[in-house]
Amino acid sequence: MKKEFNVTGMSCAACSATVEKAVRSLAGVESASVNLLTSSMTVDSNLSDDVIIKAVEKAGYGAALKGKEVKKEVSSDEDLMKKRLYPSLVLLFFHLYISMGAMINLPLGFFTNHSINAVVQLTISIVIIFINRKFFISGTKSLLRKAPNMDSLVALGASASFIYSYVNMLLMFLYPEHAHSYYHNLYFEAVSTILTLITLGKCLEARSKTKTTDAINSLIKLSPEKAIVLRGNEELSIDIKDVKVDDIFIVYPGSSVPVDGVVISGDGSFDESSLTGESMPVNKSIGSNIFAGCICLNSNIKARATRVGEDTTLSKIIKLVEEASSSKAPISRVADKVSGIFVPCVILIALMTFIIQLIITSSLSFALSHAVAVLVISCPCALGLATPVAIMVSTGKGAKNGILFKDAAVLENTCKAGTIVFDKTGTITTGKMKVCDVISFDDELLKYASSIEAKSEHPLAKAISNYGKEQNVKPIEVENFKVLAGNGVEAIIDNSHIIGGSVRFVSSRINLENDIIEKCTFLSNEGKTPLIFTKDSSVLGIIAISDSLKEGSKKAIDELKNMGLKTVLLTGDNNRTANAINKLVGFDEVISDVLPDGKEAYIRKLQKSGKVIMVGDGINDSPALMRADIGIAISGGTDAAIGSASIIIMGETIENVVKAIRLSRRTLINIKENLFWAFIYNAIGIPLAAGVFGLSLNPMFASFAMSLSSFCVVSNALRINMMDISSSKKDRKYLFNKERKEMTKTIYIEEMMCQHCEKRVKKALEALDGVVEANVSFKEKCAIVTLSKNVSDDELKNAVEAADYPVTKIE
């Protein structure tokens, strides 16, 4: 069972690695993931909360079970940093003035006296150390626990400089004749500068972190604190938490919907952009669903509450974004491993630098300066923040655009898929059947058709019934209504026998003229479903029904193809309907007449060539969504589809699918940039500070570089917010699936008698590793198999004969 905790006291990647290691070492913990950015931890374990919390506390940090409300710890960190930074900056300015003013001929007054100057510098350093004492407290505790962190590096560097300077100051007073020489060995200003600049960097980092959580905070602010509900005939303003299911609430123009509900009175437009990312208002009327956080633009609406509290759509979105933000992407594993050993390695490098420089130069001051520079220039924070800040910003960006990623791994892997498969009904098309053609041979066609179909629950029947209502046709009494096997209905109306149904069904009852069959064939070729209606064996006419294409479907498919993805339409509809839709959209491949388990099997087949994305909305898509590497559910679809998907698209347009892939690509690039910066910064900075390149780096400049490292990483991640994921200008083709040298073999098979035999042989062959596809024909008595690698004749023969069909030869 997964549990979430807030963790306090972490300052760098070494801290998060220590906490993670402490919890993972507990018997009974399946997994533990600590996020430095959000100061949170996710643990999969059946252990009690107290056991996990004690393990964290033993490691030197605090932990508490995550509450229902988001804690703004980052903002409070920023406030604390500011309280430390401002007085430190004022004191540092004065410190640098009296310690270095003489170099540029600034008037120093009585501070020209070395003894007075040294005592004042000592005092200022002590005050700045006291203001920034957290570095020393945290760093010392970590050292004593043998788990040093970034604070340990700062504390060691500052302490070494302070102690060395203090000793030299004492020697000034003990040996006045050498006071001038000892004065120039004082590094009190370095202590003040290191602590102040690193605090400045932490403040900038905290400020940037706050911006990464803006998306979650803006979602939280969407829901109003009060709701207006009806109690009897009285309108009462109550807290959101007190609203119950089935309460009647009122939404006035300009106000936000408090909870999810269904409209029972009134109609108007709602701004749902906060949930779907779509700017166009959505019209709502009686029976329509409205969602918490959406804004009523006009008229008063009465609604009945259907979901309250944590069950509302907005609450689920917030929870999903939080979970995705706090999860870890696979690409972060390298940084995590490095973080665990980074600080001890830096301390060792600093010690070696001190010894080597002391041997080479025989100058204690020079050696100490290099060692301190090594300690303060290294930055484990940049490594720890490289991935989570990009994930946090991206999940927030996605949520603002109606794209919800379930975890960081999904966000990373979406851009790695080379094939994207779409369901048709409800995904590419609206799923709402409408009458598109009426070919009448009798004026009473619509009267009889709408009357008989009004008794049926079939989607095609409802389309005809609704069309009749639109045409103001009043249904008449129907007797002996029956739904017949074979896609047809019959009834008695006005003492006449009325039949309605497909061409195949009606032709089994009466003889149809060739002209009528040709008209139906023409309509079928256009992707429409023709239904014929008869009265006492004479044809009344033909009514054709179609499922309209969703707006933006063709544009989305064109953009996906331009991005290098192979697009596939996978549908249970017949081949004619599927091809008619494809003429309008332009998929690379169309697979029709596929049952739900067939969809899942086809996804498995595609996965042999690389990662596959499946986009669907219906319950019949759930197996395929689960099987695909990335399952994308259109939120207008069923709960089963949404539950089995990796990404949820709010709204009903598939253009957000393209946006999701663009966002994933940009995120992975950003993470790689951050990791590159973090690694290259330390790879160059540490040797530079150690004097490997023959250069000397003052500890003050080293601390300035360190203070900006994490800030640069976080700022780079924030650039994702500026990305226009609707624009295709920067799209480029990715080469995903490796070209494979394919070969074919022909297998001659006896005793295949029908299509059922074909399917059995096909299934047996395609189950073999290396078989890409098997085209089987019972008429030709053979199977042509396409192979991605060499599969022996014996393996092929055994597979077919295991399905009870003898093989005569293989070529």
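This is a predicted model: local features need pLDDT of at least 70, side-chain atom pairs count only at pLDDT 80 or more; totals for chains, interfaces and linings use all residues.
Residues are numbered from 1 along each chain as its sequence is written, and side-chain values use heavy atoms, with hydrogens and water left out.

Reader: How many aromatic pairs does the structure hold?

Author: Rings of Phe, Tyr and Trp (its six-membered ring) pair if their centres lie within 6.5 Å. The number of aromatic pairs in the structure is seven.

Reader: Which kind of pair do the rings of Phe94 and Phe111 form?

Author: Planes under 30 degrees apart count as stacked, over 60 as edge-to-face and the rest as tilted. The ring centres of Phe94 and Phe111 are 5.9 Å apart and their planes stand at 80 degrees, so the pair is edge-to-face.

Reader: Is Phe111 buried or exposed?

Author: Buried means under 20% relative accessible area, exposed over 50%, and partly exposed in between (1.4 Å probe, protein chains only). Phe111 has a relative accessible area of 14%, so Phe111 is buried.

Reader: Which kind of pair do the rings of Phe110 and Phe111 form?

Author: Phe110 is exposed, with a relative accessible area of 55%. The ring centres of Phe110 and Phe111 lie 4.5 Å apart with planes at 35 degrees, so the pair is tilted.

Reader: Which residues do ring pairs link into a cluster?

Author: Phe94 is partly exposed, at a relative accessible area of 35%. The cluster linked by ring pairs consists of Phe94, Phe110 and Phe111.
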